Amino acid sequence: PYSPRGSCACAEQLVTFFTEPSCSGTAVMQLPQGWYDQPWIPNDLISAVGVPAGLEAKLYEHAAFLGWEVVATGPVCMIMTGGFDKALSSAKIYAV
């Protein structure tokens with residue numbers, strides 16, 4: 001359903017969101033630590049999430065932090081596949 005694929009060339013202390021299944025394409029947005037629901041996270045658009053060292057992203061299927069949860073601890077490029085691709089709707093970003 002999702003696949004950690006090495007690290008990403010992400011901006012320091014910002015989690016980067018991509019519409020293509022790669023952490024090397026054009027970023028849709030970059031977010032610092034915090035909790036992000038819609039409209040901050042565009043509904044059902046994200047295919048990859050780049051998390052730099054020192055951060056962890058909890059990714060949720062639905063708005064209001066509901067549905068499935070995927071945890072990505074940096075440094076990592078998390079490729080969303082299968083039912084997880086373009087299904088992300090909210091996220092919590094923490095320092096680790």
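Trainee: How many residues are in the largest nonpolar core, and which have the most contacts inside it?
Mentor: The largest nonpolar core holds 23 residues, and those with the most contacts inside it are Val15, Phe17, Ile41, Val49, Val51 and Leu59. Keep in mind that this is a predicted model.

Trainee: Which elements give two or more residues to this core?
Mentor: Strand S2 (15-18), strand S3 (27-31), S5, S6, S7, S8 and S9.

Trainee: And what sits in the second, separate core?
Mentor: That one has 5 residues, including Phe18, Cys23, Ala48 and Cys77.

Trainee: Let's pick on valine 49. Which residues is it in contact with, leaving aside neighbours within four places in sequence?
Mentor: Val15, Thr16, Phe17, Cys23, Leu59, Val76, Cys77, Met78 and Leu88. Cys23 and Cys77 in that list are also members of the second core.

Trainee: What is the bridge partner of valine 49 in S8?
Mentor: Methionine 78. S5 and S8 pair in the antiparallel sense, over 4 bridges.

Trainee: How many residues of S8 are buried?
Mentor: 5 of its 5 residues are buried, and the strand is mostly covered.

Trainee: Which way do they point from S8?
Mentor: Val76, Met78 and Met80 go one way, while Cys77 and Ile79 go the other, and all are buried. In a regular strand, side chains alternate between the two faces of the sheet.

Trainee: Stepping back, how many helices and strands does the protein have?
Mentor: There are 0 helices and 9 strands, so the order of elements from the N terminus reads β-β-β-β-β-β-β-β-β.

Trainee: What share of the residues counts as buried?
Mentor: Of the 96 residues, 44% are buried. The accessible surface is about 4600 Å², with 55% of it belonging to carbon and sulfur atoms.

Trainee: And what about contacts across the sequence? What share joins residues at least 24 apart?
Mentor: Taking contacts between residues at least 6 apart in sequence, 69% join residues at least 24 apart.

Trainee: Changing topic: what is the strand order in the open sheet of 4 strands?
Mentor: The order is S4-S9-S6-S7, with antiparallel pairing. S4 and S7 are the edge strands, each pairing on one side only. Neighbouring strands in this sheet are turned by 15° against each other on average, direction ignored.

Trainee: How many bridges join S4 and S9?
Mentor: S4 and strand S9 (residues 90-95) pair over 3 bridges, in the antiparallel sense. Within that pairing, the partner of tryptophan 35 in S9 is lysine 92.

Trainee: What else is serine 90 in contact with, beyond its sequence neighbours within four places?
Mentor: Besides His62, the list has Tyr36, Asp37, Ile41, Lys58, Leu59, Tyr60, Ala63, Ala64 and Phe65.

Trainee: Where is alanine 64 found?
Mentor: Alanine 64 is in the loop between strand S6 (55-62) and S7. Its phi is positive, about 65°, although it is not a glycine. Alanine 64 counts as partly exposed because its relative accessibility is 42%. Phenylalanine 65 is in the loop between S6 and S7 as well, and has a positive phi of about 60° without being a glycine.

Terms used:
Residues numbered from 1 in each chain as written. Predicted model: local features only at pLDDT ≥ 70, side-chain atom pairs only at ≥ 80, totals over all residues. Heavy atoms only, no water. Buried < 20%, exposed > 50% of the residue type's maximum accessible area, 1.4 Å probe, protein only. Contact = heavy atoms within 4.5 Å. Areas by Shrake-Rupley, 256 points an atom, 1.4 Å probe, with all protein chains shown as cover. Pairing = 2+ DSSP bridges. Axes fitted to C-alpha atoms, helices over the stretch in contact; angles between N-to-C directions. Core = buried A, V, L, I, M, F, W, Y, C linked by side-chain atoms within 4.5 Å.
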